[in-house]
Structures are given as structure tokens and as C-alpha cells.
Amino acid sequence: LALKSVLYRVCAQFPRLFFLSDSELVALLAAPPEPCEAQLWVRRCFPHVHAVSFTASPPDENKDDRESSPNASSQVEALAVLGAGGEEVKLQRSIPLHPDLPKWLAFLEKCLRLALVHQLQGCVASRLALGPSLDEALKQLPERGQLPPQLFAHPCLCLVQAFPWQCVLVAEEVVWRAEMEEALLEGRTPALVPKHVCKLEALVHFIQAQRASQGKQPLASVRQTSLLSALLVMAVTHRDIAQLLQEHQVSELTDFHWARQLKYHLGSPHIIPQSPLQSLKTTASAETSPSPAACWVDVLGRSFLYNYEYLGPRLGSLPSLLPERPALVLLLALEEVACGTLLGPDGVGKTATVKSLARALGRQLVTMPCLPQIEAQSLSNYLNGALQGGAWLLLEAAQRLPLGLLSALGQRLVELRHLYAPLYQEASRSTSTVDPTQPQLLGSGFFEKHHVDIRLGYGSLLTLRSLSPAVPANLRLLLRPVALTLPDLQQVAELTLLGAGMREASRLAARLSKFFSLELELVSAALPCRLPLLQHVLEDMIQDLNATKEEPQSQQPQSLAVTEEAALLRALLRSPPFSILSGIHLHSLQELLCRLFPDARQVLAEPAVPTPRKPLLVGELQQIGIYPSPDILGSLEQLSQALGRALDVLLLGSAGSGKTTCWHSLFKIQNRLAAREDASTRGCQPVEITHLYPNVLSPQEFLGWLEGPCWHHGVFPRLLRAASPCKTVGPKGPPQESVGIQHWIICDGVASASWLDSITCLLKDAPQLSLPNGQQIARPPGTFLLMEVGDATGMSPTVVSQCALVWCGGEQTWQGMLSVLMAALPHEYHLPLETVTELNHLAEVLVPATFQFLACQGASSLLHVHGQRAVCPGVAEVTSLARILRCLLDPHLRIDEGEKAHISDDLSFSDPVARSFQSSKSSSLSPSQADSDGAPSQRKEHLLAISSFLFALIWGFGAHLPSRYLQGQGWGGDAEG
């Protein structure tokens, strides 16, 4: 209890610490005041901060700042924070590293907020300074195709070099709102649409020009590219709003169609100046403004303070869309009861909607994946952190919580509503005195038997599949649910393709969305939401186009459009619908694709491109004694390519299809290649593997359990903690380039929510394992997750879309198994050459004929392995044949270990790959030769081997058949006759 009290007081001083586990808090308190330790805790408390820029400086004797520098000997100071894509946010003042790290982290939070407030105001002023030149260019309104492509994009790219990414976007919104209100007050509504269309076209042309200049001009940075995509989405939204206002002939600022839009405003809210642009210039000017102005987001007559949480650049090619109606419902629910709820099946974008809304309002968002193992104390800590820190808490998939914990959650949310709502309503009446540089303290109260300070910005949000009767009544009464409909796939695809600089974005998006809509009509069962699959296909397509070595500037627009469509088709053909289907279903999808895309038949007819590593794979498979059939080679190449572009892989295929053989062979091959030193294997990394069977573990054994105040890690968290991120191998001596070690974690068995739900957070943009006690374990670099399952039944679309897919068909698995068996017999048993030849002839003729006979009879195996529905044809039968044959030969013909060294290398089939299944005619002995050598014992051994093989063949195939096939079908009575 004493330790709990101490930890609570520490967290109350810096509420972000409520989201840490007790063990992490103890480690933080014991951490030395060193830059490397500070970096770790900054990344843990500020998810979007990647690092802190420290510098060493002599102590300042005249400096008197007891809060930040109580120790005069402190010489290490923080100057700036670094975000994604190399973004640097300089602090207003340097922060000496404090021996008390929690206190130093709290001061860093204040300084970072102060820097963002000043940076946003400066960015608005700089954007306003660019306005006259942009307006002058727009007055000309040149014809389409003659617009200078750098008209709008180039100024924004210059701004992002001087200001944070999020400040550039907010500044653009602030200036746009002022320009729109100025136009509405002056009655210039009809001129808004051409202006926005012109702006959008200029941005699209600039992005297309950037992509077409690959190899001719230096490419924009990742931060600039992502900014262009975000500006494109913003431009489309602004164009749609302008068209809406023109359609309804809006001329007043109080009109509903204008009031319902999210609008950014710098300065005091609820004040409508006569000249919005001039008022904004006065507010943003540093000379006329004594203190920074607060940024507000207005919607439906309500004003929400922009909370200045550092969010960093949003890298990636996929757009961040904010649906209007769900966003409005969530904002109204948070204002009324401080709690909002999103309903919908997996994959419709519930979490993405909350993230987009939090980013729009500059809010800190803490996501808590709900698991059955979560304790009430952990839930209370998260609620305390959100309340005292002014953060949004997202309880993801709350339906997974036990019924008792859901009821306790409802009780706590009601208490928080009574605490927060009155204070928020009172603060909303006095918004003119808000100081944006300081967190807004609303008041105080009692929660969980503690006196708490309540900050502005608190909110709790839940995502549920549906509002089922199992939801407790107290929680149901508090929720204000909004159901998310299926997203507009065509809009998502068009914005993504436009942001990537595609010339035929509208045409490709229309055909792609039509394909997914018609796909639903080809199957009788309901399909999951195709949004994750669409995003996966588009990302794959864009990566392929960006990795193209050719110079597209020399190509004509028509050939560029053909190249883009071919890249989309190839990405679609690598997606799950085409990778895991076969037979008539696959043929139907291919026909649908060909009807929508004229060039699809050419792409389908493209031969497989031979990879440079294929000869190496063949050679290494021969060395480890595996027959390199087309099936295993294809699966190995797929898996090798999948591991090259993704950290998570789904190995799909029925039992016996060679999934385990695939990854185990690649594991051996990659380690053998990594041990070489020639140029052909450069870049190969050694591999360590951990093979898990999650279904045999309880959820507590897999993830962990709470015993009193102590949390015990399960198997999976221990694996992540044991993986060292700095493991290297290399020869001793002078420093050389070291090679990292990959760690493959293989989860084998039927896909089950009991273990899949707990590791889904590892598949997201910021991969880290969230434990029920609040601890988060970052995914170590070089850690790959391979899930070996029969099919994707029961998996959420989120899991499937985030993983690379490898399909193991297994149609030729039995041939490889039989080849390996026949190649090994001469090395394991005393068999003369005549016997070896005869056995191979029998295997070559009888086994395929038996398969054909059983297929004609409609007979199939009864075996079901690991709960899976199907077994690959022939695998169980050939496995039984091999085991029975060895059991029959072992007592009589087995070669001792000492004799194996004297076996001649000239035996037939000594090379298990190159000579397997050779025709027996090429090496058969004449009867006269056999009789001349033939001792009676050799003849006896020959007959024993042949009869054993026939016996093993009969029972290897017959033992797996239903009893009705064993009588009267040639196996029972006919055999006896």
C-alpha cells in the first residue's frame, strides 16, 4: 500500500505516467539521469517523439531556475525533439536534464506545448504572407493543363522545412476559414468553386510532375511527400464544401451548411469580424500580439480548444479521412456525457475515425486494447490518466471485457461524467481568457478515493461490434452510439491514387471499387469489409511503382497509364482473393477482372519472373535432402519475398501442404547462405526461430497473469523481452560491417481469438505489445511473426490486411515425400541394385495409379489434422506407406551406422534429387545378370523388400479409407482371392 501511494503521487504530478505499469514506474524512478535513459522514457511517454536532441554545455552560474535545474553541476540540456521523417521541433529554451526524471518529463511536456503554440502562430503569419502572390496567380485562372504545377505545393513544402508538419496543416485550415468567411460576407460564393478546383488541379499536377521526374530531379523527402498527400485530401474536402455552399446558395455565416463544418480559428471564438482576413493578420502578427493566440475548432456553434499535442508527421501513402457525421456525433457525445461509442464490424475504420478526429483537435489519444485478462485496477489507472491529463482514452473492442468489468466500467464512467461535465460547461462560458501555453485546469474533485485535478480535454471512447444485450444497463444508458457504415471504397482509392501521382486515378478507382462490389455477388456467404484489403492492394501497388528502376519521364502519358494499371493488377493478383482461392472460384474472379480491366489477360499471361536466388535455393534444398518440386520452390520464393517486404506473414494451406517444411527449409537455407562470404549471398542474415503452439496454452500462459500486485509475463511477452535489438555477429578483429540476426516467431495452429486478439497491436503502425497491466513492450527490430494456419476463417480483416500472404498448395507434396523416401532406401537398408530398380519402378507406376483409382471411386481420407477440415491429397497415405515400409524392413535389412561409411557412392539414386524417379528401364539388370550373382539370401531379400513395399502400399492407402471401401472394392475379398 505504501508503494502504491508513492507511485500514485508521482503519477499525479505527470499524468502520462498513469499509462505505465507499476514495474515501469519503479524502473523510471530508479533510472539514472543520463541522456540514453531519458530518451527511452521520452519515447514511452510521448509516442510521436522519436528522440530528443541533447547537448553538453558548461553550467550557468547566473541561471536561477529551481524547477528545471536544481543541480548546478547539470551540463546536459535538451534543445529540440525529433519526430518521424527527420522533423525537428526546437524548444523555446534549453532544458537541463534533471536528476528527477518524472519532473523533467513534466517540464519537457510544458516546453513542447509552448513551442507548438508559438510555431503555429508563426506558421499562420508566414502562410498569410504568401496569400497575395497566390491570389494574384488565381485571378488569371489559366486553362486546364496550363496551370503552373508548383503554384500551391511549393510554398507549403517551404513552410514544412521551417515549421512542424501539423502546424502547416492547421495553418492552412485557419487561413482557408478566413478566406471563405471573407468571400461569404462579400457575396463571392459563386467564385469559390473555380478557385478550389484550380487549387486542386495545381496540386495534382505537381504530384504527378514529381513522380514523372524520378531520376531527373531530387525526390521530395518522406515528410514532404506525406504532406502533399494530406494537402490533397484537404483540397478535395475544401472543394466539396465550396460545391455544397454553391448548391445551397449559402451567403451567411450562420447558415447550417457552413456551421456544420469543422473550422479552425486563431483568436477569441464566437467573434465574427467584419474583415476576417485582416483580423487574422492582426492576431497572427507577433508585433501586435502581446501573447500567443489560442487556436479553436468551431462546429455547430460550439468551440473546442486545439490542445497542441505533438502529433508528428503522418507518414504513408494512405489518406486520413474524417467522416463528417460520425465526427459530429462523437463531439456532441463527448460534450454531453464525456463518452462516445462507435459501432460496426471489424475493418470499417472505427479506430481510424477516432485517430483522425483526435489529430484534427490536437488531442492526446491513448488506445487500450481490451482483453479478458485486464484487471479493474489497470482500467482505473487509464481513466485517471485521461482525466488528470486531459487525454482521450479509446477502449478498443470493449466487447472482449468480462461482464463484471463492463459493469464496473459503466459505474466509473458515470462518476467521471458527474465530475467533468459541470466543470466543462462552466469553462465553456469564459473562453476569452484562455492561455494556450498552459494546460487548462477546470477544477478538482474526488475519484477512486483520491483528490484529483481535472484538465480540459478528457474523453472516453469505446468501439463495439454491436450494442448487444450483454452490455450492462448502466453502461448502455451512458453511451451515445454511432454506427459506421461501409466506407466509400471509390473515394478512398481515388484519393490514395491521386496522392501517389497517378494520371488515371479516377478511372482506376472506379474499376477497382466495381470489382470489390461485384465480388460480393460471386459468393453466397457474407464477406468482411474490403477497406483493409483495398488499402493493402494500393500500398503494394505504390511500393512497386516507387521501386521501379525505369525513368518514366520519357514515356508517353498513355504508356504511363498502362504501367500504372498493370501495377494495380499485379498487386491485386497478389492479394488474398487470388492467392488462396483455386478452381472455379479463382476462374470466376479472373474472368471478372478481365471484364473490368482490358489489360488483365496480358498480366495473367505474364510468365513468372525467375529470381536470382532460385539456383541457390535448388542447390541448398539438395544439400538438406528435400526434393525441389515446383510447389516447394514456389512457396519458398513467396515466403522469401514476403519476409523482404513485411514483418508479419500468414502461411495458409491445408494440413500436409508443406507450410512447416517451407519456413523450416528457408530457415536452414538462409543460415547456410549467411555463413558464406561470397558476393552472391551478401545481405543474407542468420535466423533464430521460436516455434509456438498458442492453442495449447491458456490465455494467461500465453500473455501473462496478475497475482496480487505483481504481473507475471507469459510466454509471448518473454520472447519479445528476450530478443535483443542490438544482437550482431561478425568475426573478431578490426571493426567490420556486422550482420543482424533475424528472430522468427512461428505461431502454429488454428487461428483463435484467444491469442490473436492479444497480438493484433503488433501488426499496427506503431508495433508494440500492450499488456493488461498497462505495460507496453516495443517490437524488437528484426522480429518476424509467422502465423501457420489452415485458412483465414475467423481472422479479422485488420490482421489479414496487415500480413503478407503465402499460399502453400501442396498438390505435389506427396511426390516430393515419395522421392525422398525412395532416395533414402539404398542408404538405410541392404538392397541390391536390382531391388532398388524394381522398387523405384513400382513407386513410379503403382502409386500414381492408386491415386487415380481412388479418385475414380470418389474415396477420400478420413483424417483431420489439428482441427482442420482438409488434408492435402496423398500426404497421409505416403506418410503411412513410409512408416509401414520402414517397420517391415528394419528388423531384417537395416544397415548399421558403422557400415554406412563403406556404402559405395555409385548406388542408384545417391543424389536424392537429380536421380529420383528415374525410369527403371535405364538402369534395370537383365535376369541373367541377377541369376549369376544371386545367392539365395539375396533373392530372399529382394522378395522381402518387394512384398514389404506392396504390403505398405495397400495398407498405407487402405487404412485411411472408410470401411465401406474395404469390402468388395478390390482391397478385401479380391485381394484374398
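Modeller: We'll go from the overall picture to a sheet, some salt bridges and a surface patch. This is a predicted model, where local features need pLDDT of at least 70, side-chain atom pairs count only at pLDDT 80 or more, and totals for chains, interfaces and linings use all residues. Residues are numbered from 1 along each chain as its sequence is written, and side-chain values use heavy atoms, with hydrogens and water left out.

Biologist: How many helices and strands does the chain have?

Modeller: The chain has 37 helices and 24 strands. Both are DSSP runs numbered from the N terminus: helices are H or I with at least four residues, strands are E with at least two.

Biologist: What percentage of the residues count as buried?

Modeller: Of the 977 residues, 51% count as buried. Buried means under 20% relative accessible area, exposed means over 50%, and partly exposed is in between (1.4 Å probe, protein chains only).

Biologist: And the accessible surface of the chain, what does it come to?

Modeller: About 45,100 Å², and 54% of that belongs to carbon and sulfur atoms. Accessible areas come from the Shrake-Rupley method with a 1.4 Å probe; for residues, only the protein chains shown count as cover.

Biologist: Now the open sheet. What is the strand order?

Modeller: E8-E9-E12-E7-E13, 5 strands with parallel pairing. Strand E8 (365-369) and strand E13 (481-483) are the edges, each pairing on one side only. Neighbouring strands of this sheet are turned by 20° against each other on average, direction ignored. Two strands pair if DSSP finds at least two bridges between them.

Biologist: Over how many bridges do E9 and E12 pair?

Modeller: Over 4 bridges, in the parallel sense, between residues 392-396 of E9 and 459-464 of E12. Leu395 stands opposite Leu462 in E12.

Biologist: Which strands does helix H12 lie across?

Modeller: Helix H12 (residues 324-337) lies across E7 (339-343), E9, E12 and E13, and runs at about 150° to E7. Axes are lines fitted to C-alpha atoms, for helices over the stretch in contact, and angles run from 0 to 180 degrees between N-to-C directions. Contact means heavy atoms within 4.5 Å.

Biologist: Switching topic. How many salt bridges does the structure hold?

Modeller: It holds 25 salt bridges. Each is a side-chain nitrogen of Lys or Arg within 4 Å of a carboxyl oxygen of Asp or Glu.

Biologist: Take Arg779 and Asp648. What distance, N to O?

Modeller: Their side chains meet at 2.9 Å, N to O. Arg779 lies in the loop between strand E22 (776-778) and strand E23 (783-789) and Asp648 in strand E14 (residues 648-652), so the pair ties together parts 131 residues apart in sequence.

Biologist: Is Arg779 buried or exposed?

Modeller: Arg779 is buried, with a relative accessible area of 11%. Asp648 is buried too, at 5%.

Biologist: And where are Glu828 and Arg886?

Modeller: Glu828 and Arg886 form a salt bridge as well (3.2 Å, N to O). Glu828 is in helix H31 (residues 813-828) and Arg886 in helix H33 (residues 875-893), 58 residues apart. Salt bridges that share partners join Glu828, Arg886, Asp890 and Arg894 into one network.

Biologist: Last one. Which residues form the nonpolar patch on the surface?

Modeller: Phe951, Ile954 and Trp955, with about 290 Å² of accessible area together. Patches are made of residues with over 30% relative accessible area and no salt bridge: like charges are joined within 9 Å, nonpolar side chains (Val, Leu, Ile, Met, Phe, Trp, Tyr) within 5 Å. Ile954 sits in helix H36 (residues 936-958) and is partly exposed, with a relative accessible area of 36%.
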